[in-house]
Amino acid sequence: MSKFGTFGDYPKESLQSAEAALLTAWRSLDRYHNDLVLVGGLAVHYLTKRDAAGESPGAVTMDVDFGISLAASGDQYGTIKLDLAGLDFKSEGNRLVRKFGNLNLYLDFLTEDPPSLTGARTVDDVVASVIPGVNRALACPRIVPVKGRDLYGAEQECKVAVADIGPMRVLKLNAFGGPTGRRLPKDAYDVLLAVTRFVEGAEAAVAAFHAEAKAGNTGYDFALKALQMDFSDPDQDGPIRAAEFHPGNVEDRGRVRENVATAGRMLLGD
C-alpha cells in the first residue's frame with residue numbers, strides 16, 4: 001500500500017523520501033529524459049506553493065510516477081528495469097519498489113496508446129498503465145530544478161521534466177473519476193491544491209486547464225465529466241473525499257468541501 005486515506009496517515013518523512021527516490025532514479029535514467037515526465041503527487045508538490053501559516057497542508061506522497069512515451073527504448077545500452085535494479089529497485093507486480101528506512105518507495109509508469117483508454121503496455125521492459133492525457137504531459141513539460149539528497153545521502157541537483165499544470169490537472173481528475181478512476185481522497189485533495197496553490201495563481205491554473213481542450217488533450221473530456229459529476233457541489237464525492245483527507249477539525253473539513261466545489265466550478269467556468 002502506498003496511498004493512504006488521510007494526510008495524517010503519511011509518515012512525516014514520506015515526501016522527502018519520495019523526492020530522494022526521484023533524484024536517484026532521474027540521474028540514472030538520463031538517456032530516457034526525452035521520453036519521461038514526472039506526474040502524480042510529487043508533480044503537484046513542485047507545481048504548488050509550499051505550506052503557509054493558516055493554510056491547508058500541501059501535497060504529500062510516497063510514490064514517484066513517470067509518464068513515459070510508448071516508444072521509449074534504451075536500445076543497446078540497457079533497459080529501465082536493469083538500470084534501476086542497480087539502484088536496488090525491485091519488481092513488485094507491475095511496480096518497482098525500494099526499501100528506504102522503514103518506508104517502501106514505489107516507482108510507477110504511465111503511458112498512452114490511443115484509442116485505448118485502459119489496460120497496460122510494456123515499455124522498454126517496464127509495465128506502464130494506459131492513461132489518456134499522458135502524451136500531452138510529455139509534449140509540454142515544465143522544467144523544474146530539484147535539489148536535495150538522494151537515497152544514498154549524496155547532494156543532487158537535477159532539472160526534472162514535470163507535467164505542467166494543465167495536463168497535470170487533466171491527469172488528476174481522471175485519476176479520481178476517469179475511465180480508471182480510483183475515487184481516492186488524496187486525488188481529490190490534489191485537485192484542490194492544483195487550483196488554489198498553483199505557483200502562478202488560480203486564474204492561471206484555470207486558463208491552463210481550458211487550454212487543454214484546444215490542445216487536443218485526449219483526457220480532457222473525461223476530466224470535464226469528472227468535474228461536472230464529482231466536483232461542482234460540496235455534496236459530491238470530490239469535495240467530501242478531499243475533506244476526509246484533510247487533517248483538520250470538522251470546521252476545517254467543511255471549509256475544504258466548499259473550497260473544492262468552488263475550485264471545480266471555476267474550472268467549469270461557472
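At what angle do the axes of helix 5 and helix 7 cross?

Reply: A word on the model comes before the answer. This is a predicted model, in which local features need pLDDT of at least 70 and side-chain atom pairs count only at pLDDT 80 or more, while totals for chains, interfaces and linings use all residues. Residues are numbered from 1 along each chain as its sequence is written, and side-chain values use heavy atoms, with hydrogens and water left out.

The axes of helix 5 (residues 165-177) and helix 7 (residues 202-214) cross at roughly 75°, and they come within 8 Å. Helices here are DSSP runs of H or I with at least four residues, numbered from the N terminus. Axes are lines fitted to C-alpha atoms, for helices over the stretch in contact, and angles run from 0 to 180 degrees between N-to-C directions. Helix 5 is therefore roughly perpendicular to helix 7, a term for angles of 65 to 115 degrees.

Helix 5 contributes Ile 165, Gly 166, Pro 167, Arg 169, Val 170 and Leu 173 to the contact, and helix 7 contributes Ala 205, Ala 208, Phe 209 and Glu 212. Contact means heavy atoms within 4.5 Å. By type, the residues of this contact comprise seven nonpolar, one polar and two charged. In this scheme Ala, Val, Leu, Ile, Met, Phe, Trp, Tyr, Cys and Pro are nonpolar, Asp, Glu, Lys and Arg are charged, and the others, Gly among them, are polar.

Strand 9 (residues 155-162) holds Glu 155; strands are DSSP runs of E with at least two residues. Leaving aside neighbours within four places in sequence, Glu 155 is in contact with Lys 147, Gly 148 and Arg 149. The C-alpha atoms of Glu 155 and Ala 20 are separated by 9.6 Å, although these residues are 135 residues apart along the chain.

Definitions and conventions: Parallel < 35°, antiparallel > 145°, perpendicular 65-115°, else oblique.
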